[in-house]
Structure formats: structure tokens, C-alpha cells
Amino acid sequence: MSGPEEENGFISNVESGRTQNLEWCSCGNCRIESESSDCKCCWEVEQLNARFVQENITCIRNFSSFNTLFLDKTMLEMMLRDKHFIRGDPIDDKLTNRSYRVAAYKQFNTWAFRVRQLGKRERRGPLPSCVVARIRKKFPETDGNYGY
Ligand SMILES: [Zn+2]
Ligand SMILES: [Zn+2]
């Protein structure tokens, strides 16, 4: 019984080491996060690998439609209003930066992880640190306290 357990122990040690340095980042735009599960580079999202080759980019933030898809207020607002329209619940007239961040994260998740591979479960993970940093920079929280 000790086999898999030892293996898991080893993996979690490596994971917790992530909050100490940026050796896990290959794109150059990630930041050290307090949660090791958030220490993830865009290069580690296998669903994105094809984009890097197609667009000849080194970070997913340089993807040609990145700003339009994830940082454009009109686009995000449309997405939010759409969702509320479908659910039939009201939306606040004044959208906050938090609303935009939530919408942008969701949008990225849908976009990045919708690829399904035959025989494999769809895999979702935390968003890459570089992406979260960019979205937070665009839609900052005034008190610097990010729940999202
Ligand atoms: Zn990175
Ligand atoms: Zn990146």
C-alpha cells in the first residue's frame, strides 16, 4: 500500500515548493501565488499548446484575441447579461470590476478547456497565474483584496 502514497507525498512536496520561486513558469509573466494550486503557468495547460504553435507566441496573453475575449468590457458585459437573461434573474445596473473579473475568468475557462479529447474526461484547472494577473490588472480591486 505504500507505493501510491509515497508517490502522492512526493508530488505534493513539489507542488508546495511552487510558492517559493517561479521555476515552474515558462512564459515569463506568472507571479508567485500564495496558494500552490494557483501557481500554474499557461504552458502547463495542455489544451493551449496548439495555440502557442499556431500563433508563434510565448505566453497566452499574447494570443491575438486575448484582449477582445477577456479584457473587453463590452464583450464581458454581453456575456454577463446573456447569462442573467437565460436564468431570468436581474443584473445590477452598475457592473463592478469584480463582476468583470468573474466574467473574464469564466470566459477563459470556457475558451481554454472546452477541448474534449476522446476517451478522456474534460479537464479543468485553475487559471494560469499570468492570465489572472492580467485580468486583475485590468479590473483591479480598490482595496487590493481579491476574493476573485
Ligand atoms: Zn508562466
Ligand atoms: Zn503565460
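Biologist: Where is the place of Phe52?

Modeller: Phe52 sits in helix α2. Bear in mind that this is a predicted model.

Biologist: Why is Phe52 called partly exposed?

Modeller: Phe52 has 18 other C-beta atoms within 10 Å. A buried residue needs 20 or more, and an exposed one has 12 or fewer. The count of 18 lies in between, so Phe52 is partly exposed.

Biologist: How far is Phe52 from Cys42?

Modeller: Their C-alpha atoms are separated by 9.8 Å, and the two residues are 10 apart along the chain.

Biologist: What is the secondary structure of the chain?

Modeller: The chain has six helices and zero strands. Read from the N terminus, the order is α-α-α-α-α-α.

Biologist: Which loop holds Asn56?

Modeller: Asn56 is in the loop between α2 (49-55) and α3 (66-71).

Biologist: What makes Asn56 count as exposed?

Modeller: Asn56 has 8 C-beta neighbours inside 10 Å. The cut-off for exposed is 12 or fewer. A count of 8 meets that cut-off, so Asn56 is exposed.

Biologist: What is the phi of Asn56?

Modeller: The phi of Asn56 is positive, about 55°, although Asn56 is not a glycine. Most residues other than glycine have a negative phi.

Biologist: How far is Val102 from Ile135?

Modeller: The C-alpha atoms of Val102 and Ile135 are separated by 9.5 Å, with the residues 33 apart along the chain.

Biologist: What share of the chain is buried?

Modeller: Of the 148 residues in the chain, 20% are buried.

Biologist: Which residues touch the most other members of the largest nonpolar core?

Modeller: They are Cys27, Cys42, Ala104, Cys130 and Val131, in a core of 22 residues. The elements giving two or more residues to this core are α3, α5 and α6 (129-138).

Biologist: What is Val131 in contact with, leaving aside neighbours within four places in sequence?

Modeller: Val131 is in contact with Cys42, Ile60, Arg61 and Phe108.

Biologist: What share of the contacts with a separation of 6 or more comes from residues 24 or more positions apart?

Modeller: Such residues account for 57% of those contacts in the chain.

Notes
Residues are numbered from 1 along each chain as its sequence is written. Chains are lettered from A and ligands numbered from 1 in the order in which they are written. This is a predicted model: local features need pLDDT of at least 70, side-chain atom pairs count only at pLDDT 80 or more; totals for chains, interfaces and linings use all residues. Helices (H or I, at least four residues) and strands (E, at least two) are DSSP runs, numbered from the N terminus. Two residues are in contact if their C-beta atoms, placed from the backbone, lie within 7 Å. A nonpolar core is a set of buried Ala, Val, Leu, Ile, Met, Phe, Trp, Tyr and Cys residues joined through C-beta atoms within 7 Å.
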